[in-house]
Amino acid sequence: MILPTVDEVRALHERYAPSRAALDLVLTHCEIVGDIAAQLAARTALPHDADLVRVGALLHDIGVYRLYDRAGRLDHRDYIRHGVLGHEILREEGFPEALRRFCSCHTGVGLTRHDIRERKLPIPEADYLAETVEEQLVMYADKFHSKTTPPTFLTADSYAAQVKRFGTDKVHAFGLLRARFGEPDLTSARARYGHAQA
């Protein structure tokens, strides 16, 4: 598989972002997730493709742009759709399924058909689960930074506390990722981006 370059991914973000503010928020988040995923990947003994991790991280939230309205407001109510919307964008752009899955399979610690049915989520009923080491690294790294206003970094403990509201199975799934990949050192990222830590 031939991967797009960082410049090509950045150009894709620029093409889909409805505003400079949206681009700054989403692309910066994707870059932060890429940095965290790279740090975690460098420490794991599990075989993985570091370039795929980087590109997957940079692409994972591209679907967020389709949730902005004409006034520049982000639709938080349907935010759960951003992964499948990103998958659609990358399909329309001709990207392979291996890259599209970084979008659709990073939400929370994975969504199952059961989750979608039980919670009546507005996405097609399917299993959206990170399967490869690369997908798991990006999904896990994503949990340590939030695009809230203002954007914040999260510790493993603060994310674990948040995910409790979705059930003990989600807490368990996060615990498995934490045991598998460890916890990132967010000190340099916090200093570089100036985002607080929750």
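Analyst: One term first: a crossing of two helices is called left-handed if the near helix is turned anticlockwise from the far one by less than a right angle, and right-handed if it is turned clockwise. Please also keep in mind that this is a predicted model.

User: OK, so which hand does the crossing of α3 and α7 have?

Analyst: Helix α3 passes α7 in a right-handed crossing. The axes of α3, residues 50-59, and α7, residues 133-142, come within 9 Å and cross at roughly 45°. Angles under 35 degrees count as roughly parallel and 65 to 115 as roughly perpendicular, and α3 and α7 are therefore oblique to each other.

User: Which residues make that contact?

Analyst: On the α3 side they are Leu52, Val53, Gly56 and Ala57, and on the α7 side Glu134, Leu137 and Val138. Sorted by class, the contact of α3 with α7 has five nonpolar residues, one polar and one charged.

User: And how do α2 and α7 cross?

Analyst: Helix α2, which spans residues 20-43, has an axis that comes within 8 Å of that of α7, and the two cross at roughly 120°. That makes α2 oblique to α7, and their crossing is right-handed.

User: What does each helix bring to that one?

Analyst: From α2 come His29, Val33, Ile36, Ala37, Leu40 and Ala41, while α7 brings Leu137, Val138, Tyr140, Ala141 and Asp142. The contact of α2 with α7 divides into nine nonpolar residues, one polar and one charged.

User: Switching topic: how many cavities of 30 Å³ or more are there?

Analyst: A search of the whole structure finds one. The largest cavity has a volume of about 30 Å³, and its lining is formed by Ile80, Gly83, Val84, Ser104, Thr107, Leu111, Ile123 and Tyr128.

User: What about the largest pocket, what volume does that have?

Analyst: The largest pocket has a volume of about 850 Å³. It is lined by 29 residues, of which Tyr79, Thr107, Gly108, Tyr159 and Arg165 are the closest to its centre. By class, the lining of the largest pocket divides into 10 nonpolar, 11 polar and eight charged residues.

User: Which element gives the largest share of that lining?

Analyst: That is α8, with three residues of the lining of the largest pocket. Both β1 (145-146) and α8 (156-163) supply at least two residues each.

How values were computed:
Residues are numbered from 1 along each chain as its sequence is written. This is a predicted model: local features need pLDDT of at least 70, side-chain atom pairs count only at pLDDT 80 or more; totals for chains, interfaces and linings use all residues. Side-chain values use heavy atoms; hydrogens and water are left out. Axes are lines fitted to C-alpha atoms, for helices over the stretch in contact, and angles run from 0 to 180 degrees between N-to-C directions. Helices (H or I, at least four residues) and strands (E, at least two) are DSSP runs, numbered from the N terminus. Angles under 35 degrees count as roughly parallel, over 145 as roughly antiparallel, 65 to 115 as roughly perpendicular and the rest as oblique. Contact means heavy atoms within 4.5 Å. Ala, Val, Leu, Ile, Met, Phe, Trp, Tyr, Cys and Pro count as nonpolar, Asp, Glu, Lys and Arg as charged, and the others, Gly among them, as polar. On a 1 Å grid over the protein atoms alone, a cavity is a set of points where a 1.4 Å probe fits but cannot get out, and a pocket is an open set with protein on both sides within 12 Å along at least five of seven lines; lining residues have an atom within 4 Å of a point. Grid points are joined across faces, edges and corners, and a volume is the space filled by probe spheres set on the points.
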